[in-house]
Amino acid sequence: MSALTLSKTRVADILSAWKRAQPTAEKIDMFGCIFGALTPTTLENQRSQAILQYLFTSPETVCDVALFFSLEKLFLVHNGVSIELPPATDSYTYTAIPYDDSCADALSSFLADKTVGLCQKELAIQEGDFASKLIPLLRNLVSAERTVEVAPLLGEFLFIKDEAALSCVEKAAGLCSAVFRRFIRGLIEEETQRTHPRALSAIQEEISQRLQMPNTVKGLERLEISQFSIASGLTPCVMHRGTYESQIQVTKLSTQPLRGDVIVVRYGVKNCGYTAFFARTLIVEANAPSNAKDAYQFLYSVSEKVMELLRVGTRLNEVYTGAINHARATNETLAKHLPTSLGFSTGLMVLEARGTISEKGTATIADGMTFVVRVTLEGVPDGGGESFDLELSDTVTIKNGAAQLNTKTTRKLEEILYEGEMQEEAFDISSRELNKITRQGQSSVPLLSREAAREEKLKSLLRELHAELIAAGGKKATTTATEELRVYEMGRLAYGDIIPYPKEGTLPLQARNDIYVHVEKEVAFFPVCGEIAAFHVSTINKVDVKPEGEYVTCTVTFHSLQEANIAYRLHRTKIFVKELSYRASSDVFSEVKIAIQGIHQRIKNRDTERRRISTTAGGTKLNVTPNSLRLPQVKIRPTATTGRQNKDCIGNLELHQNGLRFSFIGGVPIDILFDNVKHIIFQPAVNSIRVIYHITLKKGVEIARKSVDEVQFVADVMESSEAVTGGRKSYDEEIAAEEREQARISETNKQFMRFCSGCGEDE
């Protein structure tokens, strides 16, 4: 083992946690943590081991070390490993000695007359020579009356983590999501489509192997896996109906073949010893119970509620009570199938009783805590005499006062549904046609290989294009369809409107030796058969860069033989390049890919702007009239402002020589020309609370970055609601208020009528 460095900051964190727990730990003068040798039979989740690993900021388990600390000093006994201690201060001292013959005297002096808190049950399971010698010595030095069991308290010291520890949990959670998204989901889908799926135990074994070597998953080949490991205490499981086990540690593996109905997948991953947990339910809609989707929606809502309630300052049992009350209010029947715990704290220690989201959870939530929100539904009746089970588990961290979800993948109902068909176990063999057999059974479509299907599709497309060419009059024919596509970059290129380099000698020097993208001219240069070939970037469909063993490959795919390819329609007899592939020992392609993607985005932006201009009114300017007639304090619909702060946009509607202008504070005026008006409808306030001036446009105008062709200007003539107060009005006061209201309605209607008349005269 390399040198162990004791973290002064983390020692201070542990001491702060001790001080916060003083009412519980007031009889304890000193804490002791001992961990012996690590063997294949060593039990995980030991509190002393977790404390040691945390204090030494070690990515691996710290072995053959004993640590004793009080509020004033710290004492270390080790088995010859290199220890680096922080410098001592006036308020705190550090001492480290190897285990030898003089160790007994030093330890006796340090522990003299002290009440020592120990995880006594863990002392009995320590292994190795160091532990077998030190533990009897400790029991001789400290009598049973001076020892206190502190296992739950030590576990609570690790609830709050620093940024480095939080980062480890987040990395482990990220790997959980990545392995599920890139491998496990596809694996389950493939197995459910097989006529004879593999056994659950075989699938679990394959998942365990990928979790142990995650760089064998496609897309994770470059992952540095030295700090990742599988959480063996949280058994990876794949279960379908009838095989579900809610216990996290499962020792018995089912040999039943996977059945595509309601499938639960769960596993855990560690990064530097910090654990993240992940579980998902996958529903094959064709085979699942009819109420499975409703049950999952309920499960999802409870999980969301738990994460919503995980707020700094809240006790965990209060979170549990709030989530259960929400569940009962949502669906009391399904709430009965919820477990007694909705999650637990995670990190170097998991399943600590005080850190569970249950009635026993006494810890108060604080920034730096990490939890697994684990919601299950067990034994939900399916309406046919059987039952099914669901599970949704996620790892969250508490930051900035609230829970942040670290495993976001595949949570919503639409993301966990499969639309697979029921597997046909038996049908009349004599009537089968072998070329019509699919994974789901018989089909009316003959089964072709991918290459054969591609060739058949290509031939069909060529026949259709040739028929179009003949019908249009041959090579010299013209068609109006091409005119519609000229506005696109490929159409302009095909017509010769784009000539990046008018003269051959103007090619950039960088293009003569290697792959090069000339961003200003939007041209990419690629070596082809020993020569440099130039391609306009608009002809490129996509660029894929990926590692393959010791090399990095780049595949450039072009637009070819596609219905929307105007270049092909104009040059049907030409040969088009489909793709180019290159390979290099280092990644020299990523910059090329980024440059091409940037040019693609630039072309898309130009097309978007062109379409916006062509579909919105513009060109003619509004002739502004001084001292124009106007409607003050009216609202525009749709609102011209964005965001939650300004729900109603209020401004002035002005009448000018050739149109209307709506002016408001904080925005550009909106002009509506009379030439663009299709019709105007005036709706007075008759038995309603507002006056509406409705305009329908021929071409849309831009309001709040959206093109709209229906605009309303509204004025409220009365309040839509009235506050209830203790005072009561007299009859005369009510009559006077009603008369004032009627006068306001009449005046507003007249004001709008005068404005409408003015619009009619100008038009």
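A disulfide is a pair of cysteine sulfur atoms within 2.5 Å. In this predicted model, that rule gives a count of zero disulfides. Cys33 illustrates the result. The closest cysteine sulfur to that of Cys33 belongs to Cys119 and lies 6.3 Å away, so the gap is too far for a bond. Cys33 has a relative accessibility of 0% and therefore counts as buried. Cys103 is also buried, and its relative accessible area is 0%.

The largest nonpolar core holds 70 residues. Within this core, Ile184, Ile188, Val238, Tyr267, Tyr296, Val306 and Leu310 touch the most other members. Helix α8, residues 163-192, supplies the largest share of the core, with eleven residues.

Neighbours within four places in sequence are set aside here. Tyr267 is then in contact with Cys176, Val179, Phe180 and Ile184, among others. Its contacts also include Leu211, Leu234 and Pro236. Ala276, Phe277 and Phe278 are on the list of contacts as well.

Helix α9 covers residues 200-212. At 1.5 Å a residue, its 13 residues should span 18 Å. The end C-alpha atoms are 18 Å apart, which agrees with that expectation. The buried residues of α9 include Leu200, Ile203, Ile207 and Leu211. Ser201, Gln204, Glu206 and Ser208 are buried in α9 too. The cover over the buried residues of α9 includes helix α8 and the strands β9 (228-230), β10 (237-239) and β11 (262-271).

Two further residues were considered one at a time. His326 lies in helix α11, which spans residues 316-330. With a relative accessibility of 25%, His326 counts as partly exposed. Beyond its neighbours within four places in sequence, His326 is in contact with Ser301, Val302 and Lys305. His326 and Ser301 are 25 residues apart in sequence, and their C-alpha atoms are 9.0 Å apart in space. Asp382 sits in the loop between β15 (370-381) and β16. Its relative accessibility is 16%, so Asp382 counts as buried. Residues up to four places away in sequence aside, Asp382 touches Arg241, Pro289, Asn291, Ser387 and Phe388.

The strand pairings come last. Strands of a sheet pair through backbone hydrogen bonds, either parallel or antiparallel. Strands β16 (residues 387-399) and β17 (residues 402-405) pair in the antiparallel sense, over four bridges.

An open sheet is formed by three strands in the order β21-β22-β23, with antiparallel pairing. Strands β21 (516-518) and β23 (531-536) stand at the edges. Each has a single partner strand, so one side of each is left without a neighbour in the sheet. From one strand to the next, the twist averages 25°. Strand β22 comprises residues 523-528 and is joined to β21 by three bridges. Val517 stands opposite Ala524 in β22.

How values were computed: Residues are numbered from 1 along each chain as its sequence is written. This is a predicted model: local features need pLDDT of at least 70, side-chain atom pairs count only at pLDDT 80 or more; totals for chains, interfaces and linings use all residues. Side-chain values use heavy atoms; hydrogens and water are left out. Two strands pair if DSSP finds at least two bridges between them. Helices (H or I, at least four residues) and strands (E, at least two) are DSSP runs, numbered from the N terminus. Axes are lines fitted to C-alpha atoms, for helices over the stretch in contact, and angles run from 0 to 180 degrees between N-to-C directions. A nonpolar core is a set of buried Ala, Val, Leu, Ile, Met, Phe, Trp, Tyr and Cys residues joined through side-chain atoms within 4.5 Å. Buried means under 20% relative accessible area, exposed over 50%, partly exposed in between (1.4 Å probe, protein chains only). Contact means heavy atoms within 4.5 Å. The expected span of a helix is 1.5 Å times one less than its number of residues.
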